[in-house]
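Please read them alongside the display.

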Amino acid sequence: MLFTVSTVKDTLPNIERFVTGNLAGGADHLVVFLDAGDPEVRTWLDEHPHVTCIRTDSSWWNGERPAELNVRQRINANLTKAALSLVEGADWVFHIDADEIIQVDRDVLAAVPPETRAVRLAPLEAVSRKHWDGDPTWFKRLLDKPDLTLLQTLGAIDRPSNGAYFHGHVDGKSGVRPALDVWLTLHHGVDADKAELPAYADADRLRLLHYESYSGEDFVRKWTSILAAGPMANFRPAREPTAVALRALIGKGLSQEQAAPYLMRIFERTTEDDFDTLRDLGLLVEADPRRGTHVPETSADDVADLRALLEALRGEPKRPFHPGEPVAAAEEVLVRAAGGRRYEARGARRFLRRS
């Protein structure tokens, strides 16, 4: 089974696209940690048969909620990865955000050599426009130097680099085979020493759709959410000025109506893409996750095991699941949470056995 894990705070329409798109794109089950208690979103997720929804309220963090969103994301991802190492049918787990949808050819994934412990998904970023009729269906791919130089010469980007062309990350996202001695960061799989794991890649058949600030409205929603989530996170240098400018604007105390034109001006100057030029030059990829044909295949017993473990971990300390912490510390917490259940070793993984 292929699992994804995410820490989210988003609108119901975006969450619906996220869940349905990932299931159609290759995922079998989604683990979603709600970083804010939106009752409408929580109800919808709780009722979905292929989602396990965890509310990260005070009982989850036990008075030790990390201030930075990135830290909360990494802890939740690796806690889930650790729990899945005890679930017999869990083959892969991918750490993704709520604005990302995997596009995984399961036959390609099944052919990954057993000794390869990580897989990389190549990013495709939605073209940013003031408005889309429905969800975006045109995406930017990573370009080579000649095409980047062409776009710079035409005035479409400032520098001939993918970092200037993409508004979000260019690293893509990774999945790992669940085990205690591998870790998920925001983008990579790493070992216990934080060294990046060699990852299998196939840019055409293992990819990620990234809905990064795809419209003016989504730009405003995303960045105000990021800036409200805690201390300033580390952004790529190209995006740091945008974050600083938005924080300064929000700090002016303007009403939503007063701030709206300035937020849109920031979007136009920093994020909006030249859609017609990119499409005319043949630089875009057309993709619609709703056309995905994957049908989730899940084991009720495996999902029940996962949910039981996650609930048992609610009262446990979470810091041992952050990358860089000793493997033994995470194992101690996991074994304690799985108390009363029998488990046995299988190579680098463990799995639950029903008593």
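1. Serine 213 lies in the loop between strand 12 (206-210) and helix 8 (216-228), where helices (H or I, at least four residues) and strands (E, at least two) are DSSP runs numbered from the N terminus. The phi angle of serine 213 is near 45°, a positive value in a residue other than glycine. Serine 213 has a relative accessibility of 0% and therefore counts as buried; the term buried means under 20% relative accessible area, exposed means over 50%, and partly exposed is in between, with a 1.4 Å probe and protein chains only.

2. The model is predicted, local features need pLDDT of at least 70, side-chain atom pairs count only at pLDDT 80 or more, and totals for chains, interfaces and linings use all residues. Residues are numbered from 1 along each chain as its sequence is written, and side-chain values use heavy atoms, with hydrogens and water left out.

3. Serine 215 is found in that loop between strand 12 and helix 8 as well, and with a relative accessible area of 7% it is buried. Leaving aside residues up to four places away in sequence, serine 215 touches Arg129, Lys130, Trp132 and Phe267, contact being defined as heavy atoms within 4.5 Å.

4. Threonine 298 belongs to the loop between strand 13 (284-286) and helix 12, and it is partly exposed, with a relative accessible area of 36%. Threonine 298 and histidine 29 are 269 residues apart in sequence, yet 7.2 Å apart in space, C-alpha to C-alpha. The contacts of threonine 298, not counting residues up to four places away in sequence, are Met1, Asp28, His29, His50 and Val303.

5. Which residues touch the most other members of the largest nonpolar core? Of its 39 residues, they are Phe3, Leu84, Val93, Leu306, Leu310, Leu313 and Phe321. Strand 1 (2-8), strand 2 (29-34), helix 3 (58-61), helix 4, strand 9 (182-184), helix 12 (300-312) and helix 13 (327-337) each supply at least two residues of this core, and helix 4 gives the most, with seven residues. Apart from this core lies another, of 28 residues, including Leu30, Leu109, Leu121 and Leu206. A nonpolar core is here a set of buried Ala, Val, Leu, Ile, Met, Phe, Trp, Tyr and Cys residues joined through side-chain atoms within 4.5 Å.

6. Helix 1 (residues 12-25) and helix 2 (residues 39-46) pack at an angle of about 25°, with their axes 10 Å apart; axes are lines fitted to C-alpha atoms, for helices over the stretch in contact, and angles run from 0 to 180 degrees between N-to-C directions. Helix 1 is therefore roughly parallel to helix 2, a term for angles under 35 degrees. Tryptophan 44 is found in helix 2, and at 23% relative accessibility it counts as partly exposed. Tryptophan 44 touches Leu12, Ile15, Glu16 and Val19, not counting residues up to four places away in sequence.

Definitions and conventions:
Angles under 35 degrees count as roughly parallel, over 145 as roughly antiparallel, 65 to 115 as roughly perpendicular and the rest as oblique.
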